[in-house]
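Trainee: Could you walk me through how to read strand pairing, aromatic contacts and helix packing in a model?

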Amino acid sequence: MTASSRPEQRLPGAAALLLTILSDERFRRYLFQAIFAAVVLVFGYVLIANIQAELEGIGLEIFPFVNTKGSFPFIDISSDFLGQRAGFSIDQRSFGFDYTANDSYFRAFLTGLLNTIQVSMIGIVIATVLGVVVGVSRLSSNWLVSHVAMLYVETFRNIPLVVQLIFWYVAVFLKAPKIGDSLDFFGIAFLSVRGLALPEAHGTSGFGTWAIFVLLAIGAAIAVRYWLTRRQDETGRPSYPWWSAAGTFVAIAGVSFLILGTPMDIDSPEVGQFRYAGGMTIKPEFTALVFGLTIYTASFIAEIVRGSVLAIPKGQTEAAEALGFSGSQRLRLVILPQAMAIIIPPLTNQYLNLTKNSSLAVAVAYKDLFDVGNVTINQAGQAVPMVALLMAAYLSLSLTISAIMNTIYGRLKWRSAR
Amino acid sequence: MEVSQIMTAASRPIAPSLPPHVVAYRWTRANLFSSPGNAVLTFVTVVILGFAAYQGSSFVFATAEWEIVETNRGLFFTGRFPRDEFWRIWIALHGIAALSGLSWRLWGSLNLRLPLIFAAACVPLYILMLEGWPLLWTSTCIATFGAAYFAAWPIRFSRFSETARNVTVGLWILGFAAAMLPTALYPSFLPGQGGLFSHVPDRQWGGLFLTMVLAGVGIGVAFPLGILLAVGRASTFPVIRIFCVAYIELIRAVTLVTILFMSFFILRLAVRHETSVLGIPITGYEVSVVFMAMLGLILFSAAYIAEIVRGGLQAVPRGQVEAGQALGLGGVQVLALIVLPQALRAVIPALVSQFISLFKDTSLVFILALTDLLAIARIAPAQPGFIGDHAEALIFVALIYWVVAFSMSRASQQLERNLGVGER
């Protein structure tokens, strides 16, 4: 195949050698990749050098917190802007994390990160429940129910999330009545511009003891489920492991609760003059964000659930029917376990989307990671390192969620393979 | 039509001779009250639906003050684009209408359902928006669409249809480039004032116009870029594969707003700086915010499109590649003529839903202080006289987004049918 093998081509030595090398498939592959790598590297170098030069022009550095002269760990946040006083307050805080305006930018960043994690966790749980309900409704044999579910999906899926978020915030929760005329939900919850007031549970004296009993109850429930599942597998007779486990838990936790003399206090909110007394008040920003995120994401989850159930071959349903399974048994024991394997990968994507979409909190003034980053950029003027930090934070959040969901998926596959 | 629908819905053959009320009764029994549980469900749904419908219609027809939309329609559609230059937008729209009409006839089949749904959804827009010049322009746009459609009528099944399709594709690309070129080149090459046309700074672009430009350019550039990335990821060159995987995974793990910020705060610095590489001087460009927003949207969407196309590539059987090689086709030819057409056809629904996402994501440019459609809806209720009319403005904007997104999803379903996906 080489050029020199052709008789009519008699070239001088060096040219022939060059042609031989060039016509070698393997060499051309290396050459091509080397050129590609060189172009990428030069491009990247110019990019970074340009940014550095531009920043130097205004007296800034790309990564002020990277200590090039110092020793391990090479990162020193106390000396640069991250260690300075932030000076802005954050009125939403999660997981009991403490922050005041006197704290550093870095602490503000952490507060934002925790707020993002909190709203994502709550959003994921609610969106999953709502999405499964809507998805199953779309498959309902009831014409009205399936079409209402379709209307829901087609409406919320086709309107940008930001539009929905701003609508919930500006046109619904900020238009709620003044605190004096709070909407009263059976005296349990109240809604006004001040926020959504809900009852809050406080532990009293015997709470610690009761917590131990609850742990015991969980342990007992797991044991009961394990034992009954094994018996069911061995004998083939239904022994209702899940129901029995739930019963065990309720029995132990409930009886100990009563014996200890109700070691918990429900603190109900009351309408005050300017704020709610007692209970917990959820700010309109947070409520709007959770509403928007869950309603939007649920419309996608509903389609995933529907698609996955439809992807199960019809023969499975018919076989279950032939074995005398009831409608709910069919769904619970035959269809859903198989659908789960199809659902999990796209569901993971939706969880990632929800977490990333929570950055749109900036539109409803909820102090999440991105919003805090935005304020920091405006105040400290350090856009480049801050954007890099934000990207790194979202990258690690995404990787964590992926890892968790992959673990669940792996376990699921292992179980169905058994 | 109705009876046949009812029959399929009830999945029970009914003799056509039955009187309509019996048909209706049986249908109701089968679909709403088949069991006591279903009857309760129907009842509860009716109550909730009735409450929502009552609340919704009393807002739309009684409480809402739609003047904010009527007065500001110019803002909603074009932002602060100068009125004297509107003809540019209209010329572009006529070009799009003509090419759409051609394409529809050349690729599609005669199906009036989609245009009818679209027209019906647009009725509120017509009522609120159209009078005077816009009405005239819109009418000529629709006429152009129809003319192109019927002009292409005889070509569809003639021996020129293949040529006509190629020409149409060429015209789309050409028109796209012609529309984009001035924007892309403006910062350095076109004179600011006194050129052939006066310059409209892109800070003045706004409203639906800006949204459509962002979405159109985003889709037009991100799609080919995404295909390249997908092919790179499937390539046998390890260096290229690693680069593509790294790019795709990195972009997909961060959020669009951070990428927009990166584009605005970081890449703009890099583009601005004058430098030289290996002695070759590179000019610095003061690039506009709209351009950086486009770049951010493109960089983001390309990664997602690449993942979708990768799925399509994996679905093409290996035998297809081998058959192409056996016919003596080279690597690029096998890819362009055999693998990609099949791969793209297999993933049309996912691709279109990604395009819809991109269209919806254009609403995020508000963080760069651009006045797109959504930003107008946020600004308008601050005007004296319309203070607090947020709901009206947002509902109007949501309706526009919905009409476009929904039409796109329906169009993809029709395209899928026309290309016979799933049939062989």
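Mentor: Gladly; we will take the sheet, then the aromatic rings, then a pair of helices. Keep in mind that this is a predicted model.

Trainee: How many strands form the open sheet in chain A, and in what order?

Mentor: The open sheet has 4 strands, in the order β1-β2-β3-β8 of chain A, with antiparallel pairing. At its edges lie β1 (183-185) and β8 of chain A, each of which pairs on one side only. From one strand to the next, the twist averages 20 degrees.

Trainee: How many bridges join β1(A) and β2(A), and which residue stands opposite A:Leu183?

Mentor: β1(A) and β2(A) pair in the antiparallel sense over 3 bridges. Opposite A:Leu183 stands A:Leu191 in β2(A). A:Leu191 also has a bridge partner in β3(A), namely A:Leu196.

Trainee: And what do β2(A) and β3(A) form together?

Mentor: They form a hairpin, with 2 residues between the strands. Strand β2, residues 189-192 of chain A, runs antiparallel to strand β3, residues 195-198 of chain A, and 3 bridges join them.

Trainee: Which strand does A:Ala197 face across the sheet?

Mentor: A:Ala197 stands opposite A:Thr281, which is in β8(A). Strand β8 covers residues 280-282 of chain A, and its antiparallel pairing with β3(A) has 3 bridges. When you look at side chains, remember the general idea that in a regular strand they alternate between the two faces of the sheet.

Trainee: Let's turn to the aromatic rings. What describes a pair of them?

Mentor: Two values do: the distance of the centres and the angle of the planes. Over all chains, the structure holds 22 aromatic pairs. In one of them, the rings of A:Trp210 and A:Phe257 have centres 5.0 Å apart and planes at 65 degrees, so this pair is edge-to-face.

Trainee: Which parts does that pair tie together?

Mentor: A:Trp210 lies in helix α6 (residues 207-235) of chain A and A:Phe257 in helix α7 (residues 241-259) of chain A, so the contact ties together parts that are 47 residues apart in sequence. A:Trp210 is buried, at a relative accessible area of 13%. A:Phe257 is partly exposed, at a relative accessible area of 22%.

Trainee: How is the pair of A:Phe286 and A:Tyr366 arranged?

Mentor: That aromatic pair is tilted, with 5.5 Å from centre to centre and 55 degrees between the planes. A:Phe286 belongs to helix α8 (residues 284-311) of chain A, and A:Tyr366 to the loop between α10 (327-357) and α11 (369-380) of chain A, so the pair ties together parts that are 80 residues apart in sequence. Both A:Phe286 and A:Tyr366 are buried.

Trainee: Which residues form an aromatic cluster?

Mentor: One cluster is formed by A:Phe167, A:Trp168, A:Phe173 and A:Phe291.

Trainee: Where do charged ends sit over rings?

Mentor: In chain A, the charged end of A:Arg231 sits over the ring of A:Trp227, 5.9 Å from its centre. In chain B, the charged end of B:Arg252 sits over the ring of B:Tyr304, 5.4 Å from its centre.

Trainee: Last topic: at what angle do helix α9 and α10 of chain A pack?

Mentor: Helix α9 (residues 314-322) of chain A packs against α10(A) at an angle of about 155 degrees, and their axes are 10 Å apart. Angles over 145 degrees count as roughly antiparallel, and α9(A) and α10(A) are therefore roughly antiparallel to each other. The crossing of α9(A) past α10(A) is right-handed.

Definitions and conventions:
Residues numbered from 1 in each chain as written. Chains lettered and ligands numbered in written order. Predicted model: local features only at pLDDT ≥ 70, side-chain atom pairs only at ≥ 80, totals over all residues. Heavy atoms only, no water. Pairing = 2+ DSSP bridges. Phe/Tyr/Trp six-rings, centres within 6.5 Å; stacked < 30°, edge-to-face > 60°. Buried < 20%, exposed > 50% of the residue type's maximum accessible area, 1.4 Å probe, protein only. Lys NZ or Arg CZ within 6 Å of the ring centre and 35° of its normal. Axes fitted to C-alpha atoms, helices over the stretch in contact; angles between N-to-C directions. Parallel < 35°, antiparallel > 145°, perpendicular 65-115°, else oblique. Left-handed = near helix turned anticlockwise from the far one by under 90°.
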